[in-house]
Amino acid sequence: MNIMGVLGKLAGESGFASFVLTEGGWKNLVMILIAFVLLYLGIVKKFEPLLLCGIAFGCLLSNLSYFIEMGQNAVYHPDIWAEFLKEGGDHYHSYGYIMREAGLLDFFYIGVKAGIYPSLIFMGVGAMTDFGPLLANPKSLLLGAAAQLGVFVAFFGAVLLGFTGPQAASIGIIGGADGPTAIFLTTKLAPELLGPIAIAAYSYMALIPMIQPPIMKLMTNDKMRKVKMVQSREVSKTEKIIFPIVVSTFVILLLPSTAPLIGCLMLGNLFRECGVTDRLSDTAQNALMNIVTIFLATSVGATMVAQNFLNLDTIKIVVLGLIAFAISTVGGLCGGLVMYKTSGGKINPLIGSAGVSAVPMAARVSQDVGRRYNKNNYLLMHAMGPNVAGVIGSAIAAGFLLSVFG
Amino acid sequence: MEDLVNISIPTAAGTALLGYLVVFFGLVLLMCVLLIMGAIGAKKRAKEEAAALAALPVPDQDAPLLKLENTLPKAKGTAGELKLYNTDPKDAAMIMAIVADSLGKPLNELRFISIREVTDDEV
């Protein structure tokens, strides 16, 4: 046995050598540094840690193991997914081909590609969410609708910047501030952009406490921020049980493409409210949600391979995502201001910004900003109405874009 | 049908506007349904409350007013009855005011269930 030959082969195949010897190997090094930064933000700064840690580690794994020309040992293979998506190719939409060639994270990614994980996450969200504040004040739905403004403005902006229609739709949905919806739509319309879109969506969701307050201050005055809202009415158990059935029926009949998201969201909520499926509700909220989060986060992170991620489009997506978030906040606040005027000053316009989905972070921001101006003001439950309305609103926006571009 | 992949700017503007309107339409429709649901629920609750009131025994005209008050349904927004054990009502009022002050919350947003004097033996 030629020991030197074996050692030479091992050295040549190592990732260290690949950084220098393979085409674009240095880009992997940059992505590894980005993964470290994301890990730092998740662990130390606690920015959406449940997702960011998995995404960052998936990114780290794929960039440690996948180099062009040397991809055989990789845990994620962008080239086989490119084959999978190549219309007219030998392996177009062939899961058999994926199973034959796949690495570990390719297997996880099948759940993303098939749209399974976002829907299951929505089931968990439904099981965790109390829609009572929305039922107590159904007008909150208007704020949830108004706050989808950023989705469509960013969509238009992306078209102006040269993205295709389906790509622009996927970028626009970042403004819905809803990670699973953004992933769901992007895997259907522009899977090649999944990495940057998922990162932009989750990063900005984590940064809501920094993005929203300056806009809230700019659009409201002291008098408006101090408005104390009256306690909402009590919602009966029956109403809470009927709600998921009614929402599923109306929204899915209106836009059938929303069925996976709205259906799972409302099924989870029915488990929670009906009172006879406590075990299922518990599983959807905890075990299932946690398992799916691990698979979703690591496989989405794995799509951030250097060759796909480090380009001008990523920078454009990050900028458009920020604009989408900011404009959605403006849209929600405009809705809040209209309600403030029409109610004769009884509704605090700060609850409008909670319409951007991102449950419950955006509602907490409304509460915090409100309390800064009136220590005895408790806006949280009032803001939860628009907040959960935003979840439904962003799913409808995604359903619309899917039926137009899908 | 126009190419939606290489979408033109006017079509994109039209799509964006239409999309925003569809979101509003969907949520307004849902709002109407929820308002109707709420109204039906409120009507039902009012009916039940009226039936509960009607089922109450007719008060004895000679009986003290306090007895009647105890049998009536509680007022909307009430936090219920406060039980006092070995505590003077004046002291209880002062304790509640102090708790509200130190929590920074208005008294009407707090609910006290009972106040009991702890004797030296129990400490």
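**Close-up views of a predicted two-chain model**

View 1. Over all chains, the structure holds seven salt bridges.

**View 2. The contact between chain B and chain A.** To this contact chain B gives 32 residues, while chain A gives 42 residues. Between them the two chains bury about 3,200 Å², and 83% of that area is on carbon and sulfur atoms. Two residue pairs, with both residues at pLDDT 80 or more, are counted in polar contact between chain B and chain A. Sorted by class, the side of chain B that touches chain A consists of 23 nonpolar, six polar and three charged residues.

**View 3. The salt bridge between the chains.** The count of salt bridges between chain B and chain A is one, and its partners are Arg45(B) and Glu239(A), whose closest N and O atoms are 3.6 Å apart. In general terms, side chains of opposite charge can pair when their charged atoms come close.

**View 4. Packing of helices α13 and α24 in chain A.** The axes of helix α13 (residues 179-189) of chain A and helix α24 (residues 380-405) of chain A come within 10 Å of each other and cross at roughly 5°. Because of this crossing angle, α13(A) is described as roughly parallel to α24(A). From α13(A), the residues Thr181(A), Phe184(A), Leu185(A), Lys188(A) and Leu189(A) meet a set in α24(A) made up of Ser394(A), Ala395(A), Ala398(A), Leu401(A), Leu402(A) and Phe405(A). By class, the contact of these two helices has eight nonpolar, two polar and one charged residues.

**View 5. A cis peptide bond in a loop of chain A.** The peptide bond that runs from Val359(A) to Pro360(A) is cis, and its omega is near -10°. Pro360(A) is placed in the loop between α22 (312-342) and α23 (361-373) of chain A.

**View 6. A positive phi at Glu48(A).** Although Glu48(A) is not a glycine, its phi is positive, at about 40°. The loop that holds Glu48(A) lies between α3 (25-43) and α4 (49-65) of chain A.

Methods:
Residues are numbered from 1 along each chain as its sequence is written. Chains are lettered from A and ligands numbered from 1 in the order in which they are written. This is a predicted model: local features need pLDDT of at least 70, side-chain atom pairs count only at pLDDT 80 or more; totals for chains, interfaces and linings use all residues. Side-chain values use heavy atoms; hydrogens and water are left out. Contact means heavy atoms within 4.5 Å. Buried area is the accessible area (1.4 Å probe) that two parts lose on being put together, summed over both. A salt bridge is a side-chain nitrogen of Lys or Arg within 4 Å of a carboxyl oxygen of Asp or Glu. A polar contact is a pair of N or O atoms within 3.5 Å; within protein, one must be able to donate a hydrogen and the other to accept it, and residues adjacent in sequence count only if both atoms are side-chain atoms. Ala, Val, Leu, Ile, Met, Phe, Trp, Tyr, Cys and Pro count as nonpolar, Asp, Glu, Lys and Arg as charged, and the others, Gly among them, as polar. Axes are lines fitted to C-alpha atoms, for helices over the stretch in contact, and angles run from 0 to 180 degrees between N-to-C directions. Helices (H or I, at least four residues) and strands (E, at least two) are DSSP runs, numbered from the N terminus. Angles under 35 degrees count as roughly parallel, over 145 as roughly antiparallel, 65 to 115 as roughly perpendicular and the rest as oblique.
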